[in-house]
Amino acid sequence: MSTRVPLPLWVDVALLPLLNVLLAFIIGGLIVLAVGQNPLEALNIMLTGAFGSGRGFGYTLYYTTDFIFAGLAVSLAYHAGMFNIGPEGQAYLGGLGVILIALPLNGMHWALMFPLFIIGGAAFGALWALIPGVLQAKRGSHIVITTILFNLIATPLMNFIISRILRPAGVQSDESAPIEMISRIPRLRDFIPFFGSAPANLTIFVAIGTLVGFYWLVWRSKFGYAMRALGHNPTATRYAGISISKMIIITMVISGALAGLVAVNHTGGAAEGRLILNFVGGAGFVGIAVAFMGRAHPVGVGLAAILFGALTQGGLELAFSMPSVTRDMIVTIQAMVILFTGAMGDMLRIPLERLFGRFSSAEAK
């Protein structure tokens, strides 16, 4: 019987996820083949649609921005031993924070509005995550259950606010009044024409900065040490004199604030420039897969967010170019990636450990 050995770091963080993604694409290719289309042609359309032009790449960055914020929100709670399922609802409420700041100050220059958008989106996202955090810390309510329920509450609540309160008179669609162009976050194309009509905006740089800040917070700060200690061993954390209730509440507040930043990209960005119904569009749920595929590390989260951004943009191009490959089938392919990189992410670990064990034994002889 082959000996199992621990995998080298480069295999664990790079090769294993790459093999899982490859396996997911093979299964997805079989689905495309089943409807009579060429999988290689479909893959080429997806790659070209995501990276083959400035416009396509700009859309990929736009979706990547959402997934970075949502992925970091899930990752932060994960380090504290919690599973925050609520970024979808927290991002939705973040949109309310952005628009409530934008409308009274409409017409102010974007350079002044941009930090206010960040504060508004983060504050409302944090507020929506605070309640499940308090319930977990003070009453022992399971964070998974409460955040799922808060997602369900957020949808009708925001639908009511947008359609009954924020919708201007005479407007038929469910949306708020628009933010004036001078107040909206500029698109990348305003500085680099290469990006064409893509909605990617300066929020992508906030997302990149947040990745760096996340690393410092989790691995270089005293708070991050206490948070990781809570995630590894709550009993030892309590004996170390750390308040578990306080750590849970603060972690959930920061996690919700990260999710709320998704709204800055949409509501404050020049592409939409208003609060619209269901603008999050499932980005919060994709963030769960991004966090697990990226192993809750900012480098991994960034790379996984790019992958899912490319899958989203490439999938839309594929649905347009190959009508027989429906939107539902593309969602199925994306679900395959989530399945193989998340729930079945360690499926290939044992064969790889045995393979490396065999090589190690051969070298020892």
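Start with the largest nonpolar core, which has 94 residues. A nonpolar core here is a set of buried Ala, Val, Leu, Ile, Met, Phe, Trp, Tyr and Cys residues joined through side-chain atoms within 4.5 Å; buried means under 20% relative accessible area, with exposed over 50% and partly exposed in between (1.4 Å probe, protein chains only). Select Phe117, Phe308 and Leu318: these touch the most other members. Now color helix H3, residues 54-79, which gives the most to this core, with eleven residues. (Helices, H or I of at least four residues, and strands, E of at least two, are DSSP runs numbered from the N terminus.)

A quick note before moving on: this is a predicted model, where local features need pLDDT of at least 70, side-chain atom pairs count only at pLDDT 80 or more, and totals for chains, interfaces and linings use all residues. Residues are numbered from 1 along each chain as its sequence is written, and side-chain values use heavy atoms, with hydrogens and water left out.

Zoom in on Leu318. Leaving aside residues up to four places away in sequence, Leu318 touches Ala42, Ile45, Met46, Val325 and Ile330 (contact means heavy atoms within 4.5 Å).

Next stop, Thr65, also in helix H3. Is Thr65 buried or exposed? Thr65 counts as buried, because its relative accessibility is 1%. Show its neighbors and you'll find Thr203, Ile204, Ala207 and Asn265, again not counting residues up to four places away in sequence. Ile208 is 143 residues from Thr65 in sequence, but their C-alphas are 8.4 Å apart in space. Then look for the backbone oxygen of Leu61, 2.8 Å from a polar atom of the Thr65 side chain.

Hop over to Ser163 in helix H6, residues 143-166. Ser163 is buried, since its relative accessible area is 19%. Its side chain reaches the backbone oxygen of Asn159 at 2.5 Å.

Last, the second largest pocket. A pocket is an open set of points on a 1 Å grid over the protein atoms alone, where a 1.4 Å probe fits, with protein on both sides within 12 Å along at least five of seven lines; lining residues have an atom within 4 Å of a point. Select Phe67, Gly281, Val286, Thr312 and Arg327, the nearest to its centre among 18 lining residues. H3, helix H12 (283-293), helix H13 (298-321) and helix H14 (327-343) each give two or more residues to this lining. Which helix gives the largest share? That's H14, with five residues.

Terms used. A polar contact is a pair of N or O atoms within 3.5 Å; within protein, one must be able to donate a hydrogen and the other to accept it, and residues adjacent in sequence count only if both atoms are side-chain atoms.
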